[in-house]
Amino acid sequence: MMPHFTHPWALLLLLLVPWIARRYVAGSRGAWQFSDRRQLPSPGSRRARAAWWGGLLLRAGGLSLAILALAGPRWADPRRIETEGIAIAMVVDVSASMKEEDLDWQGQKIQRLLGVKKIFRLFVAGGEGPDSVELKGRPNDLIALVTFATHPETACPLTMEHAPLLSILDALEPLSAASEGTTNPGDALAWALHVLQQAPTKRKVIVYLTDGESNVKDKLTPLRAGQLAANLGVPVYSIDASPQPKNPKEEMELQETRDRMKKLSGMTKGEYFRAQDGQGLVRAYAGIDKLERDRILSFQYRRFHEGYLWFALAALACWTLVIALESTWWRRVP
């Protein structure tokens with residue numbers, strides 16, 4: 001396994017080692033005259049060659065090891081860590097109606113999708129929402145984001161790295177193109193089921209949020225998608241973010257939509273939530289936050305083994321050894 005370095009710039013100092021070694025070689029030739037050389041080792045003897053080459057290599061090795069210690073080598077410890085969590089597919093409506101600024105958020109009217117983003121972030125990362133409702137976050141869950149208007153799309157696949165997921169969420173905008181002006185939740189729910197098939201967990205959940213009805217003809221209906229989810233044992237938690245109706249006709253249409261959402265959640269053993277304002281949204285997500293958890297295995301780099309100390313000790317050992325040898329067995333006179 002390749003090491004990582006805390007200070008990789010320090011490795012550039014290794015380029016100085018050959019130059020320093022060359023300077024050592026140039027300065028190691030003595031010129032002192034001695035009256036009797038019979039007691040001195042022959043310059044070409046095995047012991048003299050060992051002293052010369054050994055001193056050079058130990059010094060160069062000690063300096064190199066010291067530089068590596070300065071660079072701070074460390075090795076990641078990859079282990080399968082058991083964590084408590086489930087796999088969640090968040091299915092979010094991004095049709096044109098989600099840009100309406102009629103969602104009440106602590107006394108202010110904001111865009112519907114913006115309110116969804118705020119609560120989604122609290123659900124994933126944790127924090128305090130309206131009415132002082134505290135969400136603990138879902139750090140151990142695999143979460144995917146599926147968006148839909150006329151067509152569904154995987155905005156983010158299943159991941160435990162929630163920072164990229166939240167960045168993708170922040171970039172979402174309601175679709176205003178003419179080709180995306182309708183709402184097709186049936187295909188989006190089926191798409192989310194496909195995304196969840198890749199999860200290693202036994203417990204898989206869909207959180208389905210919309211503010212409108214299914215109005216795309218010749219497409220999979222939400223109830224048929226719900227039947228698929230029921231067959232696969234995937235509960236669908238429906239969050240109804242539709243506004244208050246303005247007239248009796250609109251009220252009747254919305255009531256039919258709510259009845260279908262309730263039936264969808266009931267047939268999958270999920271739950272239906274009415275959320276027409278920020279308080280309703282946070283209560284809905286707080287209820288979903290109480291989902292049961294399953295054990296999943298994941299490769300995570302949780303800890304690093306620091307190697308700088310061992311390199312520093314090895315460098316010290318090299319220098320100690322060369323001093324000891326040149327004071328005894330490799331002792332020489334210039």
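This is a predicted model: local features need pLDDT of at least 70, side-chain atom pairs count only at pLDDT 80 or more; totals for chains, interfaces and linings use all residues.

Reader: Now a single residue. Is leucine 209 buried or exposed?

Author: Leucine 209 has a relative accessible area of 0%, so it is buried. You will find leucine 209 in strand 10, which covers residues 204-210.

Reader: Which residues does leucine 209 touch, leaving out those up to four places away in sequence?

Author: Its contacts include Val91, Val92, Met98, Phe148, Ile239, Leu281 and Tyr285. Val116 is also one of them. Leucine 209 and valine 116 are 93 residues apart along the chain, yet 8.6 Å separates their C-alpha atoms.

Reader: On to empty space. How is it found?

Author: Rolling a probe the size of a water molecule over the atoms shows where empty space is left. Here, a search of the whole structure turns up one cavity of 30 Å³ or more, and the volume of the largest cavity is about 80 Å³.

Reader: Which element gives the most to the lining of the largest cavity?

Author: Helix 7 does, with four residues. Strand 10 and helix 7 each supply at least two. Among the lining residues are Tyr208, Thr210, Thr257, Arg260, Met261 and Leu264. By class, this lining has five nonpolar, four polar and two charged residues.

Reader: And how much space lies in the second largest pocket?

Author: About 390 Å³. It is lined by 19 residues, and those closest to its centre are Ser97, Arg112, Asp211, Gly212 and Pro243. Helix 7, residues 248-267, again has the largest share of the lining, four residues. The lining of this pocket divides into three nonpolar, nine polar and seven charged residues.

Reader: Finally, how many disulfides does the structure hold?

Author: A disulfide is a covalent bond between the sulfur atoms of two cysteines. This structure holds zero. Cysteine 156 has a relative accessible area of 6%, so it counts as buried. Cysteine 318 is buried too, at 16%, because the cut-off for buried is under 20%.

Technical notes:
Residues are numbered from 1 along each chain as its sequence is written. Side-chain values use heavy atoms; hydrogens and water are left out. On a 1 Å grid over the protein atoms alone, a cavity is a set of points where a 1.4 Å probe fits but cannot get out, and a pocket is an open set with protein on both sides within 12 Å along at least five of seven lines; lining residues have an atom within 4 Å of a point. Grid points are joined across faces, edges and corners, and a volume is the space filled by probe spheres set on the points. Ala, Val, Leu, Ile, Met, Phe, Trp, Tyr, Cys and Pro count as nonpolar, Asp, Glu, Lys and Arg as charged, and the others, Gly among them, as polar. A disulfide is a pair of cysteine sulfur atoms within 2.5 Å. Buried means under 20% relative accessible area, exposed over 50%, partly exposed in between (1.4 Å probe, protein chains only). Contact means heavy atoms within 4.5 Å.
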